[in-house]
Amino acid sequence: MHVNKQQHRATRLLHCTHDAADYDGAVGMPIVTSTAYEQATAEELEAVFTGRAPGYVYARIGNPTVTAFEWQATVLEDGLGALACASGMSAVSATLILLAGGEGEIIASPAIFGGTRYLLTRTLPPLGIHTHWVDMQDYAAVEKAITPATRAIFTETIGNPAMTVADLDRLAEIAGRYGVALIADNTATPYICRPKDHGAHIIIHSASKFISGHGNAIGGLIVDSGTFDWSPPRYAHMREWVEKFRHFAFLAALRSQVQRDLGGCLSPFNAALLISGMESLPVRMERCCTNAAQLAAWLNERSDVAEVNYPGLPAHPDYAIAGKMTDGKYGALLALRLGTRARCFKFINALKIFRNVANLGDARSLVVHPASTIARELDKESMLSSGIYDDLLRISVGLENVDDLIADCSGALDAAE
Ligand SMILES: Cc1ncc(COP(=O)(O)O)c(C=O)c1O
């Protein structure tokens with residue numbers, strides 16, 4: 001593995017997956033489908049099993065193609081290491097179960113993806129994991145919510161679809177004072193936002209989105225920044241892992257306990273698709289962000305659009321934070337308010353290029369009405385605190401020519417009068 005830290009991340013990303021010599025000169029990472037991995041002797045297999053020797057034993061715990069994808073994430077996020085998961089949800093749940101299982105508390109932003117809200121409100125409480133919902137820009141409230149049982153502060157880098165931007169530097173300062181792990185679900189993508197540089201300890205991705213970039217594979221990632229000390233009493237349940245694996249404790253426990261027991265591993269076929277996606281992430285994000293900025297500016301001039309919520313618009317309340325967090329790129333997601341649900345539906349039905357789907361981060365531009373789809377099971381109050389209104393649409397901007405996107409929106413707005 002050639003990881004030359006003098007090179008730009010976009011360069012390293014393309015050359016970090018494997019040594020071609022290990023695979024008959026194959027330049028692209030091959031798909032290794034073997035479920036089990038042989039060692040020459042019983043003693044050697046025992047050594048790999050117990051972590052005393054490197055190697056693979058069983059593909060639920062590790063697989064060479066999946067490892068190659070984990071290397072890419074580690075390079076992009078400048079992490080200590082990564083674990084790939086079956087989906088973004090599996091990455092979120094594995095992390096929170098490890099950190100907070102058994103009467104642990106999470107402080108979470110309400111302005112997050114509906115699926116994560118469901119996880120925190122429905123599935124995790126019976127496992128003894130309880131959530132305090134706190135506005136991540138109310139720093140006094142974040143600090144006040146910290147108790148001896150707090151195991152993590154959880155936020156998305158750009159809230160989906162609220163478009164609120166987390167100031168990770170400020171949250172990390174609070175988390176650091178109390179020795180609490182700061183987790184960032186990096187909706188902004190590892191190319192335009194590197195949460196480690198702003199103090200986040202754990203970074204999560206739904207790789208199904210911009211990392212895949214082609215809407216063809218579900219996957220997730222957990223990256224450990226390597227900057228957190230897991231030894232204090234707040235994480236006493238991880239003591240055994242800390243004693244054995246020191247600063248690798250979180251990754252070791254995640255892979256060898258949670259992933260092994262819950263089984264949410266990534267398939268090598270999906271890993272291969274996601275590796276290809278990751279390779280072109282930098283260039284795609286440049287184009288998607290430029291398109292999004294132009295489309296948002298155009299929509300913002302329309303008198304028949306009640307509100308354009310895009311953190312790259314100078315009037316957006318989080319414009320300054322977004323500039324800092326995304327290196328001035330602001331992301332490729334935006335939200336629109338059209339006044340009524342009926343207008344939203346008419347607009348969607350009249351679009352010819354944007355696809356009406358519950359996904360984001362495709363090469364194609366996508367649109368969805370969250371209140372009737374992804375977030376429809378949230379109660380009214382949760383919907384509002386998640387920034388979801390009945391007249392709100394989420395748009396994920398793709399790689400098309402931006403003039404075509406603008407013309408499509410223009411026609412659909414006229415049809416939605
Ligand atoms: C911010 C965020 N986190 C997590 C997820 C879950 O990811 P997946 O669909 O890969 O399970 C999503 C999916 O929409 C998301 O938008």
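Mentor: The protein chain is divided into domain 1 (9–278) and domain 2 (281–415), with bounds that come from an automatic or database domain assignment. This is a predicted model, in which local features need pLDDT of at least 70 and side-chain atom pairs count only at pLDDT 80 or more, while totals for chains, interfaces and linings use all residues. Residues are numbered from 1 along each chain as its sequence is written.

The centres of the two domains, taken over C-alpha atoms, are separated by 28 Å. Domain 1 gives 34 residues to the contact and domain 2 gives 35 residues; two residues are in contact if their C-beta atoms, placed from the backbone, lie within 7 Å. On the side of domain 1 that touches domain 2, at least two residues each come from α5 (114–123) and α10 (268–279). Helices (H or I, at least four residues) and strands (E, at least two) are DSSP runs, numbered from the N terminus. The largest share of this side, three residues, belongs to α5. By class, this side has 19 nonpolar, twelve polar and three charged residues. Here Ala, Val, Leu, Ile, Met, Phe, Trp, Tyr, Cys and Pro count as nonpolar, Asp, Glu, Lys and Arg as charged, and the others, Gly among them, as polar.

The ligand is surrounded by 15 residues, the closest being Ser87, Gly88, Met89, Ser206 and Ser208; a residue is near a molecule if its C-beta atom, placed from the backbone, lies within 6 Å of it. Two or more residues of this shell come from each of α4 (88–100) and α5, and α4 provides the largest share, three residues. The shell comprises four nonpolar, nine polar and two charged residues.

Now consider the whole. The protein chain has 15 helices and twelve strands. Its radius of gyration, taken over C-alpha atoms, is 22 Å, close to the 22 Å of the globule rule (2.2 Å times the number of residues to the power 0.38) for 417 residues, so the chain is as compact as a globular protein of that length. Along its principal axes, the C-alpha trace spans about 75 × 55 × 40 Å. Of contacts between residues at least 6 apart in sequence, 72% join residues at least 24 apart.
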